[in-house]
Amino acid sequence: MALTPSNMIELGTKAPDFKLIDSITNQQCSYADISGKRGTVVMFICNHCPFVVHVIDEIVRVANDYRVLGFGFVAISSNDIVTYPQDGPAAMWDNARKNNFTFPYLFDETQEVAKAYDAACTPDFYLFGADERLVYRGQLDASRPGNGIPVNGRDLREALDNVFNSRPQTMIQKPSVGCGIKWK
């Protein structure tokens with residue numbers, strides 16, 4: 001497993017728009033379609049990455065816990081499926097069903113959306129406020145495969161709680177670490 005940290009893009013960045021096909025519904029989906037009235041979490045994940053597999057249950061729990069509070073969630077896979085066919089749309093559909101995704105799982109075939117977000121790894125998390133400005137980017141929590149730290153979503157949950165309660169975000173935001181996005 002090669003460790004790749006997320007790129008810590010500037011807070012306040014406006015959410016890049018996108019129009020991608022949802023592997024679950026086979027319908028086109030845009031940022032406006034998934035955005036929540038309080039904020040929106042954009043996650044770059046894939047099917048095979050051990051870092052994503054390690055936290056996928058907590059990702060689904062966080063989405064379920066905060067969706068009802070007015071947050072939108074979307075997962076995007078941008079890996080090159082020629083080299084990594086296990087990350088293609090059919091396998092994404094299977095993975096979404098297996099893990100009970102309650103959010104769209106979009107396929108970024110051209111990798112343009114990953115580039116627009118400056119995504120670097122899986123998993124990679126971005127939280128935008130209701131104004132579509134970036135308020136958090138980085139890790140779900142400090143757990144990694146094999147480090148013995150429980151998966152609890154602490155960092156992302158704290159950022160979501162801050163938005164929900166109109167509190168300022170901490171400026172100490174730690175990058176996510178995972179598998180590098182598989183570029184073409």
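This is a predicted model: local features need pLDDT of at least 70, side-chain atom pairs count only at pLDDT 80 or more; totals for chains, interfaces and linings use all residues.
## Overall shape

Start with the whole chain. The protein has 5 helices and 10 strands. Its radius of gyration is 15 Å, close to the 16 Å that the globule rule gives for 184 residues, so the protein is as compact as a globular protein of that length. The C-alpha trace spans about 45 × 40 × 30 Å along its principal axes.

How much of the protein is buried? Of its 184 residues, 52% count as buried. The protein exposes about 8,400 Å². Now look at the contacts between residues at least 6 apart in sequence. Of these, 77% join residues at least 24 apart.

## The largest pocket

Next come the empty spaces. Rolling a probe the size of a water molecule over the atoms shows where empty space is left. The largest pocket has a volume of about 270 Å³. It is lined by 17 residues. Closest to the pocket's centre are Gln139, Arg154, Asp155, Glu158 and Lys174.

What classes of residue make up the lining of the largest pocket? The lining divides into 6 nonpolar, 6 polar and 5 charged residues.

## The largest cavity

The structure also holds 1 cavity of 30 Å³ or more. About 80 Å³ of space lies in the largest cavity. The lining of this cavity has 13 residues. Val55, Pro123, Ser143, Arg144 and Val177 are the closest to its centre.

By class, the cavity lining has 7 nonpolar, 4 polar and 2 charged residues. Helix H2, residues 50–67, supplies the largest share of the lining, with 3 residues.

Which residues of H5 are buried? They are Leu156, Arg157, Ala159, Leu160, Asn162 and Val163. An α-helix has 3.6 residues a turn, so residues three or four places apart point the same way. Look for this pattern in the model.

The buried residues of H5 pack against several elements. These are strand S4 (39–44), H2, strand S5 (71–77), strand S8 (124–129) and strand S9 (134–138). Just after H5 sits Ser166, with a positive phi of about 55°.

Most residues other than glycine have a negative phi, and most peptide bonds are trans. Some places in this model go the other way. The peptide bond from Thr122 to Pro123 is cis, with omega near 0°. Pro123 lies in the loop between strand S7 (121–122) and S8. Recall that Pro123 is also among the residues closest to the centre of the largest cavity.

Two further residues have a positive phi. Asn26 is not a glycine, yet its phi is about 65°. Gln111 is also a residue other than glycine, and its phi is near 70°. Asn26 lies in the loop between strand S2 (19–22) and strand S3 (28–30). Gln111 lies in the loop between strand S6 (105–107) and helix H4 (112–117). Are these two residues buried or exposed? Asn26 has 60% relative accessibility, above the 50% cut-off, so Asn26 counts as exposed. Gln111 has a relative accessible area of 2%, so Gln111 is buried.

Find Gly178 in strand S10, residues 177–180. Gly178 has a relative accessible area of 0%, so this residue is buried. How far is Gly178 from Pro50, C-alpha to C-alpha? The two atoms are separated by 8.0 Å, while the residues are 128 apart along the chain.

Now find Gln27 in the loop between S2 and S3. Asn26 lies in that loop too. Leaving out residues up to four places away in sequence, Gln27 touches Leu20, Ile21 and Asp22. Asp131 is 104 residues from Gln27 in sequence. In space, their C-alpha atoms are 25 Å apart.

Key: Residues are numbered from 1 along each chain as its sequence is written. Side-chain values use heavy atoms; hydrogens and water are left out. On a 1 Å grid over the protein atoms alone, a cavity is a set of points where a 1.4 Å probe fits but cannot get out, and a pocket is an open set with protein on both sides within 12 Å along at least five of seven lines; lining residues have an atom within 4 Å of a point. Grid points are joined across faces, edges and corners, and a volume is the space filled by probe spheres set on the points. Ala, Val, Leu, Ile, Met, Phe, Trp, Tyr, Cys and Pro count as nonpolar, Asp, Glu, Lys and Arg as charged, and the others, Gly among them, as polar. Helices (H or I, at least four residues) and strands (E, at least two) are DSSP runs, numbered from the N terminus. The radius of gyration is taken over C-alpha atoms; the globule rule is 2.2 Å times the number of residues to the power 0.38. Buried means under 20% relative accessible area, exposed over 50%, partly exposed in between (1.4 Å probe, protein chains only). Contact means heavy atoms within 4.5 Å. Accessible areas come from the Shrake-Rupley method with a 1.4 Å probe; for residues, only the protein chains shown count as cover.
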